[in-house]
Each structure stands twice: as structure tokens, then as C-alpha cells.
Amino acid sequence: MKAWRELDALIAEKVMGITFNPRWIHASNTVPRYSTDIAAAWDVWVKMRDGEAWDDFVRHYTESCEPGFIAQDRHDELSWVLFNLSPEKMCLAALKAAGHE
């Protein structure tokens, strides 16, 4: 598994489409802390929900978590179980769904 700030940088680039100078990874506010901050991870969730890789994201995310609570999908239908919210697991699932391991 990647160090958290490396994971944040990968999410920024590969999932969120943000380009930045790699030397800025460890700067406190330059790259959002997607892997440790649920508010930042929710931006990843929204990006995946609104994109083409939603089904892959859900599959990868649910494979890595314990059942948590019921949520609505992007079509506002109660159709699947959302799993315990984990920023790190959201990030790893988003990377896999975007085609990056």
C-alpha cells in the first residue's frame, strides 16, 4: 500500500484530474488529504458517482468493506448497501476503477 500522501497525489492526478508539481506532495494544503479526510474523500466519491466508472468503483469499494448502511445510488434508487465509510478504501477503490492499481 502507498503512503497516504503518495496515495493522495495519485488520487489527485489519476482520478480527480489535478496536475501539480510532485515536490508539492508533502505541502500541507497543496494536495487534498483524500486518503485520511472524509470530506476530501467525499469529493472522490462524487467524482466517481458522476463518471463512467461508478459501477467499477462500487464493486471495488464493497469488496473491501463490511456492510454499513443503505444509501441511494446516482439514480436516487435505494438499490445497494453502502459500506463503512473509509477515506483510504474509497481512494483505493477509485484508483482501481480508474484503471490504476
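## Basis of the description

A residue is called buried under 20% relative accessible area, exposed over 50% and partly exposed in between, with a 1.4 Å probe and protein chains only. Helices are DSSP runs (H or I, at least four residues) numbered from the N terminus.

This is a predicted model, in which local features need pLDDT of at least 70 and side-chain atom pairs count only at pLDDT 80 or more, whereas totals for chains, interfaces and linings use all residues. Residues are numbered from 1 along each chain as its sequence is written, and side-chain values use heavy atoms, with hydrogens and water left out.

## Helix α4

Helix α4 spans residues 87–97 and is largely enclosed by the rest of the structure, because eight of its 11 residues are buried. These are Pro 87, Glu 88, Met 90, Cys 91, Ala 93, Ala 94, Leu 95 and Ala 97. Their cover includes α1, α2 and α3 (54–63), where contact means heavy atoms within 4.5 Å. Gly 99, with a positive phi near 90 degrees, follows α4.

## Aromatic pairs

Four aromatic pairs are present in the structure; rings of Phe, Tyr and Trp (its six-membered ring) pair if their centres lie within 6.5 Å, and planes under 30 degrees apart count as stacked, over 60 as edge-to-face and the rest as tilted. The pair of Trp 45 and Trp 54 is edge-to-face, because the ring centres are 5.2 Å apart and the planes stand at 85 degrees.

Trp 45 is buried at 5% relative accessibility, and Trp 54 is buried at 4%. Trp 42, Trp 45, Trp 54 and Phe 57 form one aromatic cluster.

## Phe 20

Phe 20 lies in the loop between α1 (4–15) and α2 (38–49). Its relative accessibility is 21%, so Phe 20 counts as partly exposed.

Methods: Helix = DSSP H or I, 4+ residues; strand = E, 2+ residues; numbered from the N terminus.
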